Amino acid sequence: MMKKLITKFTLTATAILFVTGCTSTLPQVEPGELVLDIKAKVLCQGSTASCRSLDLIVSNSHRNEILQYWNVADSYDWSKLSSSSDLANLLLTPPDEDYIVTPLEEGRYQLSPHPASRTAWKVLDAENRMRYHEER
């Protein structure tokens with residue numbers, strides 16, 4: 001029991017340090033916009049330290065919710081979204097150019113508000129909460 005508690009604390013502390021370290025210098029963007037950081041492999045809400053790892057997509061069972069916006073013939077063909085790089089590339093190529101991707105600085109991009117990018121955030125956020133038992 002104590003070992004499990006220590007492990008959970010260690011994982012939580014590591015995640016907090018990772019996210020805080022990666023996002024301590026996030027550029028200022030408008031509320032509602034997302035920041036995609038390719039180097040850190042995270043998607044962040046605006047200029048806040050609220051970031052989610054792109055790696056969360058790998059085992060997520062709701063990838064189809066993201067793929068449907070990109071008119072993938074079979075949105076359940078998860079091979080199209082099986083890595084953090086796949087997700088980053090997808091987010092950098094808006095479906096039908098429906099939202100704007102603005103380069104900010106090396107490896108960081110601003111994504112304007114759009115249901116496709118917001119769905120990616122929601123899927124990553126839900127996976128993060130499920131894995132780390134965060135309350136909303």
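The following dialogue considers how terms are applied to this predicted model.

Tutor: Residues are numbered from 1 along each chain as its sequence is written. In this predicted model, local features need pLDDT of at least 70 and side-chain atom pairs count only at pLDDT 80 or more, while totals for chains, interfaces and linings use all residues, and side-chain values use heavy atoms, with hydrogens and water left out.

Student: What makes Cys44 and Cys51 a disulfide?

Tutor: A disulfide is a pair of cysteine sulfur atoms within 2.5 Å. The sulfur atoms of Cys44 and Cys51 are 2.0 Å apart, so the pair meets that limit. The structure holds one disulfide.

Student: Why is the disulfide of Cys44 and Cys51 called right-handed?

Tutor: The torsion about its S-S bond is about 105°, and the disulfide is therefore right-handed.

Student: How do you know whether Cys44 is buried or exposed?

Tutor: Buried means under 20% relative accessible area, exposed over 50%, and partly exposed in between, with a 1.4 Å probe and protein chains only. Cys44 has 0% relative accessibility, so Cys44 counts as buried.

Student: Is Cys51 buried or exposed, and why?

Tutor: Cys51 has a relative accessible area of 5% and is therefore buried. Of the 136 residues of the protein, 40% count as buried.

Student: What makes a set of residues a nonpolar core?

Tutor: The set must consist of buried Ala, Val, Leu, Ile, Met, Phe, Trp, Tyr and Cys residues joined through side-chain atoms within 4.5 Å. The largest such core here has 22 residues, and Leu43, Ile66, Trp70, Leu87 and Leu91 have the most contacts inside it. Strand S1 (34-37) and helices H2 (63-67), H3 (84-92) and H4 (115-132) each supply at least two of its residues. H4 gives the largest share, five residues. Apart from this core lies another, of six residues, including Cys44 and Cys51.

Student: What are the elements called helices and strands?

Tutor: They are DSSP runs numbered from the N terminus: helices are H or I, at least four residues, and strands are E, at least two. The protein comes to four helices and five strands, in the order α-β-β-β-α-α-β-β-α along the sequence.

Student: Where is Ser112, and what makes it buried or exposed?

Tutor: Ser112 lies in the loop between strand S5 (108-111) and H4. Its relative accessible area is 14%, so Ser112 is buried. The side chain of Ser112 reaches the backbone nitrogen of Ile100 at 2.8 Å.

How values were computed:
Polar contact = N/O pair within 3.5 Å; in protein donor to acceptor, adjacent residues only side chain to side chain.
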